[in-house]
Amino acid sequence: MCKEKKEFMHEAVHQSLLSVENDGGPFGAVIVKDGKIIAKAANSVTQTNDPTAHAEVNVIRLATSKLKTFDLSGCEIYTSCVPCPMCLGAIYWARIDKIYYGNTKQDAKDIGFDDSFIYEELDLPLEERKIKAIQIEHKEAQKAFKSWQQKEDKTEY
């Protein structure tokens, strides 16, 4: 592993340590483009009362704001722990090229951050999940989809 990649991971870990010191969760992440850190962030769930404020989501928000694009192709993310399902989804939607991680899912589980139930839920049909998903007003909801489909000047993502 090259020295540069280790330094990027050390910064992600540093962000996770800062988070712990500031009553946050033990997670940090950085986004790198062209060999330079574009953004760095930590988990801020407990400080902001936002369950989506994981380090990876926070750093994606910072990077997209800084680069003024929702497409982070050409970027890499360094994260102190393998991303949870939500963060992994965000990474895919942001089109980040590569993920480097420190801790494993098992490491996270060992300290009380177990997301295996989410993976299990995703494998179930909608009607069998713990949080019920009930479709209503399909015809009404289709109006926006039809409008989008017909829009000629849309920004696709």
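Me: How much space lies in the largest pocket?
Reply: This is a predicted model: local features need pLDDT of at least 70, side-chain atom pairs count only at pLDDT 80 or more, and totals for chains, interfaces and linings use all residues. Numbering starts from 1 along each chain as its sequence is written, and side-chain values use heavy atoms, leaving out hydrogens and water. A pocket is an open set of points on a 1 Å grid over the protein atoms alone where a 1.4 Å probe fits, with protein on both sides within 12 Å along at least five of seven lines; its volume is the space filled by probe spheres set on the points, joined across faces, edges and corners. The largest pocket holds about 390 Å³.

Me: Which residues lie closest to the centre of the largest pocket?
Reply: Its lining counts 21 residues, each with an atom within 4 Å of a point. By class, 13 are nonpolar, four polar and four charged (nonpolar: Ala, Val, Leu, Ile, Met, Phe, Trp, Tyr, Cys, Pro; charged: Asp, Glu, Lys, Arg; polar: the others, including Gly). Closest to the centre are F27, H54, C84, F113 and D115.

Me: Which helices each supply at least two residues of that lining?
Reply: The chain has seven helices and four strands (DSSP runs numbered from the N terminus: H or I, at least four residues; E, at least two). Those supplying at least two lining residues each are α2 (45-48), α3, α4, α5 (105-110) and α6 (116-122).

Me: Which residues of α4 does α3 meet?
Reply: Contact means heavy atoms within 4.5 Å. From α3 come E56, V57 and I60. The contact residues divide into seven nonpolar, no polar and one charged. On the α4 side they are M86, C87, A90, I91 and A94.
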